[in-house]
Amino acid sequence: KLGDQRELIAMLRESLDAQMVVLERSEQRQREEYEDHERAMRTDLRSFDWPLMPASIQERSERYDRLRMVDEHLVRQRLQVDALRAYLRAQEHALEVAESG
């Protein structure tokens, strides 16, 4: 029975590792999106294309709003991954105690 539990924990650990890779890539893409957004805003402000400026700023503002929504999702996802990591640590510890006793 302890072997089955250890196997289940190992499978969950692999799943957690895969989730971490996806989350880290998503966070990196999000940082790149913010950098791109900031560059675009600086370009818009320097272009002095005043007739088009309000529409361009509005588009950038909508993009920023979308970036913020993605941020909120990534924070929730990070909390879930951290909770799963803590759960796995507790289960591994309990299994070690059970195996040693």
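Guide: Welcome! This model is predicted, so local features need pLDDT of at least 70 and side-chain atom pairs count only at pLDDT 80 or more, while totals for chains, interfaces and linings use all residues. Residues are numbered from 1 along each chain as its sequence is written, and side-chain values use heavy atoms, with hydrogens and water left out.

Visitor: How many helices and strands are there in the chain?

Guide: The chain has 2 helices and 0 strands. Both kinds are DSSP runs numbered from the N terminus: helices are H or I with at least four residues, strands are E with at least two. Ser26 lies in helix 1, residues 2–47, and Asp71 in helix 2, residues 53–100.

Visitor: Why does Asp71 count as buried?

Guide: Buried means under 20% relative accessible area, exposed over 50% and partly exposed in between, with a 1.4 Å probe and protein chains only. Asp71 has 17% relative accessibility, so Asp71 counts as buried. In the chain of 101 residues, 19% count as buried.

Visitor: What makes the pair Asp71 and Gln30 a polar contact?

Guide: A polar contact is a pair of N or O atoms within 3.5 Å; within protein, one must be able to donate a hydrogen and the other to accept it, and residues adjacent in sequence count only if both atoms are side-chain atoms. The side chains of Asp71 and Gln30 are joined at 2.9 Å, a polar contact.

Visitor: Why is Arg63 called buried?

Guide: Arg63, in helix 2, has a relative accessible area of 13%, so Arg63 is buried. The Arg63 side chain also makes a polar contact with the side chain of Asp36, at 2.7 Å. Contact means heavy atoms within 4.5 Å; leaving aside residues up to four places away in sequence, Arg63 touches Glu33, Asp36 and His37.

Visitor: And why is Ser26 buried?

Guide: Ser26 has 15% relative accessibility, so Ser26 counts as buried. The Ser26 side chain makes a polar contact of 3.2 Å with that of Arg29.

Visitor: Which residues form the largest nonpolar core?

Guide: A nonpolar core is a set of buried Ala, Val, Leu, Ile, Met, Phe, Trp, Tyr and Cys residues joined through side-chain atoms within 4.5 Å. The largest one has 8 residues: Ile9, Leu16, Met20, Leu23, Leu74, Val81, Leu88 and Leu95. Helix 1 and helix 2 are the elements that each give two or more residues to this core.
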